[in-house]
Structures are given as C-alpha cells and as structure tokens.
Amino acid sequence: MNAESRPKPLEFIDLKAQYAALRERIHERMQRVLDHGQYIMGPEVAELEAELAAFVGVRHCIGVASGTEALQIALMSLGIGPGDEVITSPFTFAATGEMIALLGATPVFVDIEPDTCNLDARHIEAAITPRTRALMPVSLYGQCADMAAINAIAARHGLPVIEDAAQSFGARCQGRRSGGLSTWGATSFFPSKPLGCYGDGGALFTDDENLAQAAREIRVHGQSARYLHTRIGVAGRLDTLQAAVLLAKLPRLEWELQRRRELGARYADRLAGLPGLRLLAVRPGRDCVWAQYTVFVEQRTSVQAALKSQGIPTAVHYPMPLHRQPAYAQFAARARCPESERAAAAVMSLPMSPDLSEADQDRVIAALRLALAA
Ligand SMILES: Cc1ncc(COP(=O)(O)O)c(C=O)c1O
C-alpha cells in the first residue's frame with residue numbers, strides 16, 4: 001500500500017474535537033484565573049468541589065493534584081502505614097497498588113471477575129487478616145466494581161472502602177454515582193478520563209466530615225491553619241487553572257457520558273458473537289462510561305497489527321498484573337490471581353471518546369471483523 005492509499009489514522013482518544021467544541025468557554029474560564037492571579041487554591045477550586053460533590057451526591061469533594069494523589073491522601077487520612085494490609089486488585093494501573101506500597105503498607109492482591117475485570121468480591125474474605133486496614137476496589141474501564149458486596153464485607157469486618165474511581169467518574173451503580181458509594185471515592189482528571197483536565201488533576205469524595213477535614217489538611221502539607229502543621233502531608237493541591245478547565249467542561253459532561261454509553265452499546269451490538277472475541281460484561285443495575293472500550297481477543301498481537309495497518313490504534317490496559325511486575329515481586333507470594341493473568345494476555349482497547357463519530361466507529365468495527373476473520 002503506498003502512502004496515498006493508506007487509510008487516515010484515527011485518534012485513540014479524540015481530545016481535539018472536545019476542545020474545539022468547548023474552546024470559547026475554556027478560554028473564558030482560564031482568562032478569569034489569569035486575571036485574578038490566584039493560581040494556587042483560587043476560588044475555582046472550591047467552586048468545582050461544590051459542583052462535583054453535588055454531581056456525585058456526597059457532602060464533601062476535595063480537589064487534588066492527580067488520581068494517584070487522591071489514592072495516597074485517602075490512605076493517609078485513614079492512617080494506613082507500615083504493617084498494614086490493604087486488599088486490592090492487581091489488574092489496574094500501577095497507581096492503585098503503588099500508593100499502598102509507597103506508604104509502607106502491603107497491597108494484598110485478590111483476583112478479578114473474568115467477565116468484568118473488577119475485583120471478585122467472593123475472594124475478599126479469605127484474604128482478610130488481623131492486619132487488614134482497608135479494601136480498595138477499582139472500577140475498571142468505567143464500570144463500578146461490585147460495591148454492594150464489597151461494602152457488605154467491609155461492614156462485617158469494620159473496614160473502610162476506598163473506591164478507585166479513576167476510570168468510572170459519572171458511572172452509576174444502583175442509581176448512585178461512582179465515587180459516592182463507599183468511605184472514600186478517588187478519581188482522576190487525567191486528560192483521557194471520562195472527565196479530564198488539561199494536565200494532572202484528581203478528586204476525593206466522602207460523606208465523612210472528619211475524613212474530609214483530614215484530606216483537606218493532608219493536601220496542603222498537613223496544615224490545619226497557615227504554617228501550623230498538625231500532620232504529615234503532601235503537596236497535593238489541584239491547580240486553579242485545571243479547576244477552571246474542568247468547570248468549563250461540566251456543562252457538556254452529561255452529553256459526553258451518554259455518548260460514551262451509546263458508543264459502547266453500539267460496539268457491543270456490532271461485535272457480539274464474533275469468533276475469537278469476547279465482550280466485557282456490564283452488570284444489571286450498573287452502567288459503564290467506557291473510559292476505554294476494552295474487549296478480549298485470542299490473537300491479540302496479530303489483530304492489533306492488522307488494525308494498525310488500517311490506521312486504527314489500539315492499546316492494552318494492562319499487559320501485566322501488578323503482582324507480576326518486578327517492583328511488586330515482594331507482594332507476589334500471597335497473590336493467587338489466574339484470572340488477572342488471563343485478562344492481561346487477552347485485553348485490547350479500541351478507540352473511544354465522546355467525539356468518536358459513528359462513521360469512524362464503523363471503520364474500527366469493519367477492520368476488526370476483517371482481522372478476526374483472517
Ligand atoms: C485505575 C487508575 N487508578 C489510578 C490512576 C491514577 O490517576 P492519575 O494518572 O491522575 O494519577 C489511574 C490513571 O491512569 C487509573 O486508571
């Protein structure tokens with residue numbers, strides 16, 4: 001195929017179209033910050049926190065520097081540290097296990113459900129020990145983990161639950177929003193997430209007044225008043241400019257979430273039953289906002305290559321579960337996670353963003369059908 005006849009490459013995530021749609025509003029919001037000059041903890045941060053708390057349906061939202069920082073601050077607010085164990089999924093972005101380990105605690109990896117790739121609640125109780133201090137499920141790909149079952153186990157054992165909702169902002173579980181389903185919800189505003197800013201950002205959600213106060217202090221070096229450091233904290237603030245970008249994006253969020261659901265349903269409808277391919281299950285009473293549209297394929301390497309030759313980018317979220325990663329070898333001994341290993345060998349994510357046109361999606365579907373038939 002010569003250069004002229006090669007199909008135009010698609011974007012994996014089309015952030016440019018989103019920016020084009022919101023350009024004026026984003027400029028106007030950012031200009032206001034440039035005019036008032038309060039780049040650190042300016043009024044946009046509190047304004048965003050109020051909006052997001054209402055959206056998620058909780059009393060407190062704390063804007064923070066990233067999704068990673070959100071997880072770290074949630075763990076710190078619960079006093080988790082050396083000698084403690086936190087039960088989590090190994091099939092996630094590294095930040096989930098990393099923040100547990102960074103604080104000197106032990107991530108205890110429990111396997112996933114093979115059809116949703118979320119933590120399998122049936123294995124949690126067997127992993128609880130007297131050292132267990134929290135459960136940290138991940139709502140992967142945009143669908144909540146089985147939070148009802150996980151919360152019930154946590155309540156039986158008197159444990160807090162931190163939902164890693166980095167990929168599931170806006171998703172619903174039994175009518176309630178992801179992030180507002182447990183002790184803490186932690187999300188990310190990484191640009192490609194369901195609600196993304198133009199750099200790093202994140203947020204924490206809780207109904208607990210004391211935990212919210214602790215997190216507010218931890219994010220500013222543990223200060224309870226200016227230069228009064230009552231705890232050890234971090235530099236964990238959300239930039240005012242990023243809060244301004246997020247505020248500009250909020251009026252379009254519901255439309256974007258709906259578009260993600262529709263495009264996800266469209267993929268599922270047109271890909272169901274193809275040989276060599278399996279779809280992710282979406283549980284009744286939950287929806288998926290498809291931070292990534294991920295499927296399982298048997299011949300991943302050749303399918304990815306065939307799609308690439310048609311200008312269709314794919315990605316693998318994630319190729320190696322955490323208990324198999326070199327840095328986590330010390331935590332591998334207790335991990336019995338065959339489903340995570342199977343998923344890591346088979347998952348493949350297809351282009352997905354609210355601005356993906358149906359014509360471009362049809363191109364992905366046609367190319368994938370062809371690749372699977374080869
Ligand atoms: C499941 C999960 N947890 C945590 C994070 C970390 O978020 P951030 O990149 O904003 O630090 C991410 C983002 O990639 C994620 O996907």
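**Entry 1. Nonpolar cores**

I looked up the largest nonpolar core and found that it has 37 residues. I took a nonpolar core to be a set of buried Ala, Val, Leu, Ile, Met, Phe, Trp, Tyr and Cys residues joined through side-chain atoms within 4.5 Å. Buried means under 20% relative accessible area, exposed means over 50%, and partly exposed lies in between (1.4 Å probe, protein chains only). The residues with the most contacts inside this core are Phe91, Cys117, Tyr267, Leu271, Leu350 and Leu368.

The model is a predicted one, in which local features need pLDDT of at least 70 and side-chain atom pairs count only at pLDDT 80 or more, while totals for chains, interfaces and linings use all residues. Residues are numbered from 1 along each chain as its sequence is written, and side-chain values use heavy atoms, with hydrogens and water left out.

Helices (H or I, at least four residues) and strands (E, at least two) are DSSP runs, numbered from the N terminus. Helix 11 gives the most to the core, with six residues.

I listed the contacts of Leu350, a contact being heavy atoms within 4.5 Å. Leaving out residues up to four places away in sequence, Leu350 touches Phe12, Tyr267, Leu271, Tyr293, Leu307, Thr314, Val364 and Leu368. Another core, of 27 residues, lies apart from the largest one and includes Ala70, Val86, Ala212 and Val234. In soluble globular proteins, nonpolar side chains tend to be buried together.

**Entry 2. A nonpolar surface patch**

I noted a nonpolar patch on the surface, formed by Leu34, Tyr39, Ile40 and Met41. Together these residues have about 360 Å² of accessible area, by the Shrake-Rupley method with a 1.4 Å probe, where only the protein chains shown count as cover for residues. Patches are made of residues with over 30% relative accessible area and no salt bridge; like charges are joined within 9 Å and nonpolar side chains (Val, Leu, Ile, Met, Phe, Trp, Tyr) within 5 Å. I located Ile40 in the loop between helix 1 (15–36) and helix 2 (43–56).

**Entry 3. Salt bridges**

How many salt bridges does the structure hold? I recorded 24 salt bridges, each a side-chain nitrogen of Lys or Arg within 4 Å of a carboxyl oxygen of Asp or Glu.

Glu85 and Arg334 meet in one of them (2.9 Å, N to O). This pair links distant parts of the chain, 249 residues apart: Glu85 is in strand 2 (residues 85–88), and Arg334 is in the loop between helix 9 and helix 10. Glu85 is buried, at 8% relative accessible area, whereas Arg334 is partly exposed at 44%.

Glu256 forms a salt bridge with Arg252, with the closest N and O atoms 2.7 Å apart. The two residues are separated by about one helical turn because they stand four residues apart in helix 8. Glu256 is buried at 3% relative accessibility, and Arg252 is buried at 13%. I also found one network, in which salt bridges that share partners join Arg259, Glu262, Arg266, Glu358 and Asp362.

Lys16 and Glu11 form a further salt bridge (3.0 Å, N to O). Lys16 is exposed at 59% relative accessibility, and Glu11 is partly exposed at 39%.

**Entry 4. A buried arginine**

I examined Arg300, which is in helix 9. Arg300 is buried yet has no salt bridge, and the nearest side chain of opposite charge, Glu298, is 13 Å away. In this count Lys and Arg are positive and Asp and Glu negative, while His and the chain ends are not counted. Beyond residues up to four places away in sequence, Arg300 touches Val316, Ala343, Ala344, Ala345, Ala346, Val347 and Met348.

**Entry 5. Backbone notes**

I found a cis peptide bond from His317 to Tyr318, with omega near 15°. Tyr318 is in the loop between helix 9 and helix 10.

His221 has a positive phi of about 60° although it is not a glycine, and it is in the loop between helix 7 (209–218) and strand 10 (223–225). Trp290, also not a glycine, has a positive phi near 45°. Is Trp290 buried or exposed? Trp290 is buried, at 7% relative accessibility, whereas His221 is partly exposed at 36%.
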